[in-house]
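Colleague: I would like to go through this model with you. Can we take the pockets, then the helix packing, then the rings?

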Amino acid sequence: IPILQQQAESLGTLHLINSDVLTIDLSSLGLDPPLRVVGNLPYNISTPLMFHLLKYSPLIQDMHFMVQKEVAERIVAPPDSKHYGRLSVMMHYFCQCEYLFDVPPGCFSPPPKVDSAIIRLLPYAQPPVPVDDIDLLELVVKTAFNQRRKTISNSLKKLLDKNTLTDLNIDPKARAENLSLAQFIRITQTLNHTKQ
C-alpha cells in the first residue's frame with residue numbers, strides 16, 4: 001500500500017482501503033454514486049464478491065471484471081445451454097450481463113493454467129421481472145439446479161406439485177436448464193402467495 005500511494009502521488013488522490021472486500025459496506029465509504037467498479041477478481045471469491053457488490057446495485061453504474069473464463073461463460077449463459085445454471089439465473093435477475101473478450105494465459109507472467117475473460121455487468125435500476133421475495137427465488141433456483149439432470153417436477157417436488165407447474169405453463173418434464181428467469185420467478189411468486 002505505501003508503494004502504491006507513493007507511485008500515485010503525482011497522479012492525484014488515491015484512497016486505498018486495506019480490508020476484506022467481502023466485508024466492506026460500499027454505502028459507508030462516502031463515495032458519490034454512480035460508482036464504476038473495476039477489478040481482476042481472485043477466482044476463489046469471484047462469485048461471492050459479485051453477489052456482495054450487487055447488494056449495493058443502486059449505487060453502481062457498471063462493473064467490469066476479469067474472471068475465469070468458465071465463470072464468465074456461466075454468468076452470460078442463456079437457458080438451454082450447457083453453461084446455464086444457478087449463477088446465470090441470479091446474475092440475470094440483477095444485471096444485464098455481457099461477455100466482452102478473452103484474456104489468454106500468455107498475457108500474465110507467470111501464465112496461469114486457466115483462461116480468463118472480461119465481463120461487463122450493468123445493474124438494473126428495477127429488475128425486468130421483479131420478485132417479491134429474493135431469498136425465495138434463490139432457494140427455488142438452488143433447489144432446481146442441485147440435481148440438474150432431474151426433471152423440474154422432481155427437483156422441486158418438495159416445494160410444489162406437477163399440476164401447479166402445468167398451471168404456470170411450465171413443462172413438468174423440463175429440466176432446470178430449460179427454464180427462463182421469468183419462469184423461475186413465476187414459480188417463486190406462486191410459492192410466495194401460497195405461504196401467505
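**Pockets, packing and rings**

Modeller: Strand S1 (35-40) and helix H2 (46-54) each give at least two residues to the lining of the largest pocket. Helices (H or I, at least four residues) and strands (E, at least two) are DSSP runs, numbered from the N terminus. This is a predicted model, where local features need pLDDT of at least 70, side-chain atom pairs count only at pLDDT 80 or more, and totals for chains, interfaces and linings use all residues. Residues are numbered from 1 along each chain as its sequence is written, and side-chain values use heavy atoms, with hydrogens and water left out.

Colleague: Which element gives the largest share of the lining of the largest pocket?

Modeller: A pocket is an open set of points on a 1 Å grid over the protein atoms alone, where a 1.4 Å probe fits, with protein on both sides within 12 Å along at least five of seven lines; lining residues have an atom within 4 Å of a point. This pocket is lined by 18 residues, with Ile-17 and Val-21 among those nearest its centre. The largest share is five residues, and they come from S1.

Colleague: Which helix gives the most to the lining of the second largest pocket?

Modeller: Among the lining residues are Arg-86, Leu-87, Ser-88 and Met-90. H2 and H4 are the elements that give two or more residues. The most, four residues, comes from H4.

Colleague: How do helices H4 and H8 pack, and at what angle?

Modeller: Helix H4 covers residues 86-94 and helix H8 covers residues 181-195. Axes are lines fitted to C-alpha atoms, for helices over the stretch in contact, and angles run from 0 to 180 degrees between N-to-C directions. The axes lie 10 Å apart, at an angle of about 85°. That makes H4 and H8 roughly perpendicular (65 to 115 degrees).

Colleague: Which residues of H8 make the contact?

Modeller: Contact means heavy atoms within 4.5 Å. H4 brings Val-89, His-92 and Tyr-93. H8 brings Leu-181, Phe-184 and Ile-185.

Colleague: How is the aromatic pair of Tyr-84 and Phe-145 arranged?

Modeller: Rings of Phe, Tyr and Trp (its six-membered ring) pair if their centres lie within 6.5 Å, and planes over 60 degrees apart count as edge-to-face. By this rule there are three aromatic pairs. In this one the centres are 6.0 Å apart and the planes make 70°, so the pair is edge-to-face.

Colleague: How many residues apart are Tyr-84 and Phe-145?

Modeller: Tyr-84 is in the loop between helix H3 (69-76) and H4. Phe-145 is in helix H5 (residues 134-146). The pair links distant parts of the chain, 61 residues apart.

Conventions: Parallel < 35°, antiparallel > 145°, perpendicular 65-115°, else oblique. Phe/Tyr/Trp six-rings, centres within 6.5 Å; stacked < 30°, edge-to-face > 60°.
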